[in-house]
Number of protein chains: 2
Amino acid sequence: MSTAEQPWAALRQRLIDAAVLAELGEPGMFALGGKFNQVFDALDDLYVHTFADLDAESWRFPPVEPKSLFEKTDYVASFPQLTGSLSVFTGDNREHAELLRVRAAGEPWEELLHPGGLMMSPAACHPLYALLTGTLPEAGRTFDVLGSCFRHEPSPDPMRMQTFRMHEFVHAGTAESAQAHRDSTAPRLVAMLESLGLEIEYVPANDPFFGRTGRIMAANQREAALKFELTTKVYQDQAGATAIGSANYHNDHFGTAFGINSADGQVAHTACLGLGMERTVLALFARHGMNISDWPQSVRSVLWKANEH
Amino acid sequence: MSTAEQPWAALRQRLIDAAVLAELGEPGMFALGGKFNQVFDALDDLYVHTFADLDAESWRFPPVEPKSLFEKTDYVASFPQLTGSLSVFTGDNREHAELLRVRAAGEPWEELLHPGGLMMSPAACHPLYALLTGTLPEAGRTFDVLGSCFRHEPSPDPMRMQTFRMHEFVHAGTAESAQAHRDSTAPRLVAMLESLGLEIEYVPANDPFFGRTGRIMAANQREAALKFELTTKVYQDQAGATAIGSANYHNDHFGTAFGINSADGQVAHTACLGLGMERTVLALFARHGMNISDWPQSVRSVLWKANEH
């Protein structure tokens with residue numbers, strides 16, 4: 001199949017022609033247009049409204065996190081290929097002159113920078129765990145977190161951006177309460193997405209662990225039924241479907257890493273329900289077309305109660 | 001003055017005690033709490049509503065931009081000290097094993113990563129100019145852009161975060177229309193901020209150009225009256241005030257760099273009105289206290305029309 005015939009090529013072109021997206025010059029890097037942002041805001045409101053009964057504590061996180069926090073998650077051991085580290089300039093006038101000389105010669109001046117102790121945040125919930133060190137109350141705690149995630153996986157498929165927002169409902173508590181959080185919220189998210197006209201499958205999944213060891217970790221993750229994905233067929237002529245959300249039980253991984261205990265003195269267990277915001281918005285445009293005013297009335301009335309669109 | 005006596009120390013502690021912010025472990029890196037996000041969303045809505053008559057085209061940008069785009073702005077020539085470059089891992093199993101060995105030895109494993117052709121975006125409007133290459137219509141174009149900016153200036157002052165959102169109204173057109181955009185929007189933003197109970201000064205300013213050459217550039221920028229800042233006194237016992245917004249006339253800097261022409265065939269001139277969202281939210285908490293329900297009714301009714309808080 002040539003590049004032009006790839007299933008994603010036609011969708012990407014339609015999204016760009018309709019100014020839903022604009023290309024910024026690297027694979028997976030897009031500007032988000034007015035129509036995109038209208039749907040994004042409505043979807044985000046709907047998601048928060050759907051899970052209002054969780055009475056979740058809200059936190060928002062920056063796209064960058066301290067290396068000290070990143071290290072605790074052990075992310076680079078499992079996902080080096082997705083990792084982004086920030087380098088910065090700390091030199092003086094002389095070193096700046098040298099940088100400009102290298103740059104003028106067309107050479108990679110970024111190599112003169114040094115690691116800044118900052119990493120791109122790969123998941124919206126990671127910085128949350130740093131806030132939870134200590135002992136949880138009896139019922140555990142439930143959070144509404146949103147952050148911009150970075151994953152270095154350049155792709156021409158518009159469904160795979162290098163930076164994207166993940167909106168999560170996270171629970172920290174016991175093994176029982178964490179699993180109950182995942183298993184009770186996931187079907188409700190499936191129903192929410194189905195109310196928007198998307199066909200959703202809820203399927204066992206694994207993270208893209210790196211390399212030889214990673215294949216074993218992925219198999220273990222599937223065998224323990226820790227991760228499920230909410231997938232939808234964005235490309236009708238394609239065999240696979242695309243994940244737009246996930247429901248994860250982390251066991252005591254983050255509890256151990258960040259020193260979080262449940263009220264009974266055991267290491268806390270955590271779980272999260274995550275919605276990939278950009279992917280879900282694009283799945284809606286792929287499903288219903290580029291003109292929001294032409295979307296089914298049933299979908300528009302779910303997204304915009306006042307029906308102003 | 002000891003650290004504890006610095007004007008920012010008391011405010012930071014109050015913000016953290018009230019869970020408006022939480023510290024993430026590096027200077028200038030914060031999680032944003034529920035109260036913060038309530039005010040942020042209301043402020044953002046008010047700002048968009050205030051300038052609705054501009055009929056601006058909306059774009060939202062990711063926190064990362066391609067190096068090809070970053071280079072056109074010439075940012076690293078003027079502000080190397082604020083620049084952030086992303087490094088990524090592109091190795092195989094063997095190289096990953098070496099990375100993990102270096103990491104286990106407590107050495108800086110990020111030095112084994114390589115520049116990824118991606119930079120942290122330092123200003124919300126930079127990626128916009130990449131979308132405008134070509135010729136503008138007669139009246140120019142006006143945009144509503146928001147992005148997460150990174151500036152490497154670690155500081156214990158909560159008013160100086162390393163990542164923050166800037167919401168801008170940008171105009172691209174002629175010298176006359178660009179200056180008119182700046183000079184007509186800035187007083188309206190001053191009035192909007194004053195309606196929130198902030199005392200605002202509108203003062204000539206310069207960007208923090210680097211080094212010896214930078215001092216000359218800063219003086220030139222002031223002499224040409226290109227940049228103005230909207231400042232407010234966050235710390236009453238401090239001599240200086242803090243900038244929470246700015247109004248900038250870029251002359252033909254971005255027009256030349258990105259090949260943008262006005263309808264008359266000349267190089268386009270650009271201008272932007274920018275609101276520092278995090279700084280403005282914190283200025284409101286500093287001014288009115290940590291409990292939103294105790295804020296003056298006049299301020300709350302401007303932020304929340306329905307008065308639900």
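You're looking at a predicted model, where local features need pLDDT of at least 70 and side-chain atom pairs count only at pLDDT 80 or more, while totals for chains, interfaces and linings use all residues. Residues are numbered from 1 along each chain as its sequence is written, and chains are lettered from A and ligands numbered from 1 in the order in which they are written. B:Asp55 sits in the loop between helix 2 (34–50) and strand 3 (57–61) of chain B. Helices (H or I, at least four residues) and strands (E, at least two) are DSSP runs, numbered from the N terminus. B:Asp55 isn't a glycine, yet its phi is positive, at about 50 degrees.

**An asparagine with a positive phi in chain A.** A:Asn251 is not a glycine either, and has a positive phi of about 55 degrees. Look for A:Asn251 in the loop between strand 12 (242–249) and helix 9 (253–258) of chain A. A:Asn251 has 17 C-beta neighbours inside 10 Å, so it counts as partly exposed.

Chain A holds 11 helices and 14 strands. Its C-alpha trace spans about 60 × 55 × 40 Å along the principal axes. For 309 residues, a compact globule would have a radius of gyration near 19 Å, and the 21 Å of chain A agrees with that. (The radius of gyration is taken over C-alpha atoms, and the globule rule is 2.2 Å times the number of residues to the power 0.38.) Of those 309 residues, 46% count as buried. Take the contacts in chain A with a separation of 6 or more: 69% of them involve residues 24 or more positions apart. Two residues are in contact if their C-beta atoms, placed from the backbone, lie within 7 Å. Chain A splits into domain 1 (3–84 + 122–303) and domain 2 (88–117), with bounds that come from an automatic or database domain assignment. The centres of domain 1 and domain 2 of chain A, taken over C-alpha atoms, are 36 Å apart.

**Helix 5 of chain A and the glycine after it.** Helix 5 (residues 93–104) of chain A has 12 residues and covers 16 Å from first C-alpha to last, close to the 16 Å expected at 1.5 Å a residue. That expected span is 1.5 Å times one less than the number of residues. Just past helix 5 of chain A comes A:Gly106, with a positive phi of about 75 degrees.

**Strand 3 of chain A, with partners in both chains.** Strand 3 of chain A runs parallel to strand 8 (residues 141–150) of chain A, joined by five bridges. A:Ser58 faces A:Asp144 in this pairing. Strand 3 (residues 57–61) of chain A also runs antiparallel to strand 2 (residues 30–33) of chain B, with two bridges between them. Two strands pair if DSSP finds at least two bridges between them.

**The contact between chain A and chain B.** Each side puts in its share: 56 residues from chain B and 56 residues from chain A. The side of chain B that touches chain A has 29 nonpolar, 20 polar and seven charged residues. Here Ala, Val, Leu, Ile, Met, Phe, Trp, Tyr, Cys and Pro count as nonpolar, Asp, Glu, Lys and Arg as charged, and the others, Gly among them, as polar.

B:Thr185 lies in helix 7 (residues 175–194) of chain B. B:Thr185 has 20 C-beta neighbours inside 10 Å, so it counts as buried. Leaving out residues up to four places away in sequence, B:Thr185 touches B:Phe51, B:Phe169, B:Ala247 and B:Leu273. B:Phe169 is 16 residues from B:Thr185 in sequence and 8.6 Å away in space, C-alpha to C-alpha.

**Strand 11 of chain B between two partners.** Five of the six residues of strand 11 (residues 227–232) of chain B are buried, so this strand is largely enclosed by the rest of the structure. Four bridges tie strand 11 of chain B to strand 10 (residues 201–204), running antiparallel. Strand 12 (residues 242–251) of chain B is also antiparallel to strand 11, through six bridges. Follow B:Thr231: it stands opposite B:Glu201, and its bridge partner in strand 12 of chain B is B:Ala243.

Terms used. A residue is buried if 20 or more other C-beta atoms lie within 10 Å of its own, exposed if 12 or fewer, and partly exposed in between; C-beta atoms are placed from the backbone.
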